[in-house]
Each structure stands twice: as structure tokens, then as C-alpha cells.
Amino acid sequence: MISTHNALAQMNRLRDELDRVFGIDSSSWSRPGVYPPVNVWEDENHFYLEAELPGMSIEDLEIYVHEGDQLSIKGTRKLSEMEGAKLRRRERAHGEFQRTFKLDSDVDVQHVSADFKHGVLTVKLPKSETIKPRKIEINVGDSN
């Protein structure tokens, strides 16, 4: 008979293996403290990252591209001041954070742009021209 603990451990190993095979990072789905929550996607010409950062100001954020294919977001989420109030419950995280994302290919660092509206940071990362397909012209020679 398999113990409950052993069965759960086997299920976790299977999930980790399937995530690895399919390139999914589900390790942060239920892990507390992963901040900010993000969506990352791509189209033919760009990578995009959207991060939820409610209540933050742009002065508290930094964005970096490292080694041509890694995007880092770091910042500080300040603790709300509540003078004269007695705190009953605190669920909103505060303090410094940093997240780094490895992209599938290099980006054109000079043309990366970022917008911050309504507490949502959107980063647009153009893919490097060197990774885009290039049509090769075929020269027609004289058949003599």
C-alpha cells in the first residue's frame, strides 16, 4: 500500500517532469511571495511582458536586459502608512523584489520599451534581427 505522503511526492515528481517536457514553469503558481505576477508571450517580432504592480510608482521600479536574452524587473513596494490605526490583517506584501525571465532568443536592447498604466507594467522587447529568418536571393547563372 502507498502512503499518502509517498503518493503526493510521486504526483509532484510527475508534474515537475511534465512541466519540464512541455517547458512550463508551474513552480510559481501556488508559491506565496512570487511578486509581481506576470504574463509573458511572443509574436513573430516581439516578446511582451505584463506585470501587475498596483499601488507602485514608476520611481520604485527598474527594468534591465542582461546578456541580450534576460529581462529583470526589480523594485520596492512600500508599506502603507496608517497613522493612528490598529492593523487587524496584512496580506499585501511589501519590500524589495526582483524577478528575472530568460527569453528564447536575443532582443534588440536599443529598442526595448516599457509603459506603466493603471498599475500594469507592459514591456515590449523587439526580437534581434539576427534571429529572424532572412530570404536568400538565388542568382541565376548563365547555363553555358
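Which side chain makes a polar contact with the side chain of R77? The side chain of Y35 does, at 3.2 Å; a polar contact is a pair of N or O atoms within 3.5 Å, one able to donate a hydrogen and the other to accept it, with residues adjacent in sequence counted only if both atoms are side-chain atoms.

## Basis

This is a predicted model, in which local features need pLDDT of at least 70 and side-chain atom pairs count only at pLDDT 80 or more. Residues are numbered from 1 along each chain, and side-chain values use heavy atoms, without hydrogens and water.

## R77

R77 is in strand β4 (strands are DSSP E runs of at least two residues, helices H or I runs of at least four). R77 is buried (under 20% relative accessible area, with exposed over 50% and partly exposed in between, 1.4 Å probe, protein chains only). R77 has no salt bridge (a side-chain nitrogen of Lys or Arg within 4 Å of a carboxyl oxygen of Asp or Glu); the nearest side chain of opposite charge, E52, is 8.8 Å away.

## Aromatic pairs

The count is 2 aromatic pairs (ring centres within 6.5 Å; planes under 30 degrees apart are stacked, over 60 edge-to-face, the rest tilted). Y35 and F97 have ring centres 5.2 Å apart and planes at 80°, so this pair is edge-to-face. Y35 lies in the loop between α1 (4–22) and β1 (38–42) and F97 in strand β5, so the pair ties together parts 62 residues apart in sequence. Y35 is buried at 16% relative accessible area, and F97 at 11%.

W41 and Y48 form a stacked pair, 5.4 Å centre to centre with 15° between the planes. W41 is partly exposed at 38%, whereas Y48 is buried at 15%.

Notes. Lys, Arg positive; Asp, Glu negative; His and termini not counted. Phe/Tyr/Trp six-rings, centres within 6.5 Å; stacked < 30°, edge-to-face > 60°.
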